[in-house]
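Guide: Welcome, and thank you for stopping by.

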Amino acid sequence: MMRPKFLPDFLTVSILSAVVLANVLPCQGEAAMAFGWAANIAISILFFMHGAKLPRATLLAGAAHWRLHLLIFSCTFIIFPLLSLTLKPILSPLVTPALYTGVLFLCMLPSTVQASITFTSIAKGNVAAAICSAPASNLIGILITPLLASLLLSQQGFSNTLWLSAVKQITLLLLVPFIIGQITRPWLSACFERNTRILKLIEQCAIPLVAYTAFSEAVVQGLWLQVPPRSLVGLIIVNGVLIALALIITKSLSKLAGFNQADQIAVIFCGSQRSLASGIAVAQIVFAGYAVGVAILPLMLFHPMQLMVGSLLAQRYRARAMRYNADPDGKPIIRRPGTSTK
């Protein structure tokens, strides 16, 4: 088996480096304001470029497979937020209350885009469905995540009256740039397709910049006084439990729904992943005035863990696909020595 491609990925390394820098040299005062403005501008540019780069036909291509998308969205925005609330009496003693607020927020986030699609492709799943579902999950999450936060985090100190303000800011910073990118796509898409490294470079700069700004604020406010070492170990356990349950639930529900193997793979990877990029960007707005660093710490640990597990699982599906051929219904057919596959 080849070495997992995402173990680790450069984005994770750059974010961890930004967190280390924030602990050693946090920005304060006017410098913090400047970094905050720079982070917002970078995130807006990033979503603008995603809009200009993503083909409109891709957004509409998989719409006919509505049952699959409905299951993915249900897992993402209904089942897992409720799961995090159900498990709270069991898992919350392992971490601090502030950290479990971050866990609740983690379970409200949309799916990743790049990782979900890439893992589905590696695993020989329904890539077209993943290409349609993952970006749609991110767009829907821009509006649904702050609403869920206002409903489910009210007992943790998040005011129900703040969700409209959060949606407004998220719309201006994320959704509007994406729409402008879609509108200008006929003129800019060719340029971006020739310079794909620009989008990757901006992403690798924007997200660590937001992480550095958030963690600088948290360190100045005494982050590590609020997060003892015992809670960090507990948080790793909590994230491990969530990843395991996410994979089990998505696989079980996709089987119950009668989907073939390729569709099951798409549901597993699109329904179990959580977006680091969208999560950090949305948290910066949703938790404005709160301990943003503590709120996104569960996501920071969850991201590399989900990539490692997802990469190993995708390689396992790929190895299985090399031993079998799949019929049109996705049922495995054993390839026996000496038999023809034609």
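This is a predicted model: local features need pLDDT of at least 70, side-chain atom pairs count only at pLDDT 80 or more; totals for chains, interfaces and linings use all residues.

Visitor: Let me start with one side chain: is F35 buried, partly exposed or exposed?

Guide: Residues are numbered from 1 along each chain as its sequence is written, and side-chain values use heavy atoms, leaving out hydrogens and water. Buried means under 20% relative accessible area, exposed means over 50%, and partly exposed is in between, with a 1.4 Å probe and protein chains only. At 32% relative accessibility, F35 is partly exposed.

Visitor: How many aromatic pairs are there?

Guide: Rings of Phe, Tyr and Trp (its six-membered ring) pair if their centres lie within 6.5 Å; planes under 30 degrees apart are stacked, over 60 edge-to-face, and the rest tilted. By this rule, the number of aromatic pairs is two.

Visitor: What geometry do the rings of F35 and Y212 have, and where in the chain do they sit?

Guide: Their centres are 5.2 Å apart and their planes meet at 65°, so the pair is edge-to-face. Helices here are DSSP runs of H or I with at least four residues, strands are runs of E with at least two, and both are numbered from the N terminus. The pair links distant parts of the chain, 177 residues apart, with F35 in helix α2 (residues 29–53) and Y212 in helix α11 (residues 196–220).

Visitor: And is Y212 buried or exposed?

Guide: F35, its partner in the pair, is partly exposed. With a relative accessible area of 9%, Y212 is buried.

Visitor: How far apart in sequence are the parts that F119 and F269 tie together?

Guide: This pair is tilted, at 5.6 Å centre to centre with 45° between the planes. The relative accessible area of F119 is 0% and the relative accessibility of F269 is 1%, and each counts as buried. F119 belongs to helix α7 (residues 114–122) and F269 to helix α14, so the parts tied together are separated in sequence by 150 residues.

Visitor: Which residues does Q273 touch?

Guide: Q273 is found in the loop between α14 (261–272) and α15 (276–286), and is buried, at 3% relative accessible area. Contact means heavy atoms within 4.5 Å. Not counting residues up to four places away in sequence, Q273 touches P110, S111, T112, A115, S116, F119, Q306 and L307.

Visitor: Why is helix α6 described as largely enclosed by the rest of the structure?

Guide: Helix α6 covers residues 97–106, and its buried residues are L99, Y100, T101, G102, V103, L104, F105 and L106. It is largely enclosed because, of its ten residues, the number buried is eight.

Visitor: Which residues does S231 touch?

Guide: S231 sits in helix α13 and counts as buried at 2% relative accessibility. Setting aside residues up to four places away in sequence, S231 touches L94, V95, T96 and L99.

Visitor: How far apart in space are L82 and L104?

Guide: L82 is in helix α4 and is partly exposed, with a relative accessible area of 48%. L82 and L104 are 22 residues apart in sequence, and their C-alpha to C-alpha distance is 9.1 Å.

Visitor: How much space lies in the largest cavity?

Guide: On a 1 Å grid over the protein atoms alone, a cavity is a set of points where a 1.4 Å probe fits but cannot get out, and lining residues have an atom within 4 Å of a point. Grid points are joined across faces, edges and corners, and a volume is the space filled by probe spheres set on the points. The search finds four cavities of 30 Å³ or more in the whole structure. The space in the largest cavity is about 70 Å³.

Visitor: Which helices each supply at least two residues of that lining?

Guide: The lining consists of F80, L83, L106, C107, L242, A246, S272, R274 and F302. Helices supplying at least two each are α4 (66–86) and α13 (229–256).

Visitor: Where is the pLDDT under 50?

Guide: The chain averages a pLDDT of 77, and 77% of the residues score at least 70. Residues 157–161 are below 50, with eleven contacts in the model beyond near neighbours in sequence. Another stretch, with 18 contacts beyond four places in sequence, stays under 50: residues 326–342.

Methods:
On a 1 Å grid over the protein atoms alone, a cavity is a set of points where a 1.4 Å probe fits but cannot get out, and a pocket is an open set with protein on both sides within 12 Å along at least five of seven lines; lining residues have an atom within 4 Å of a point. pLDDT is the predictor's confidence in each residue, from 0 to 100.
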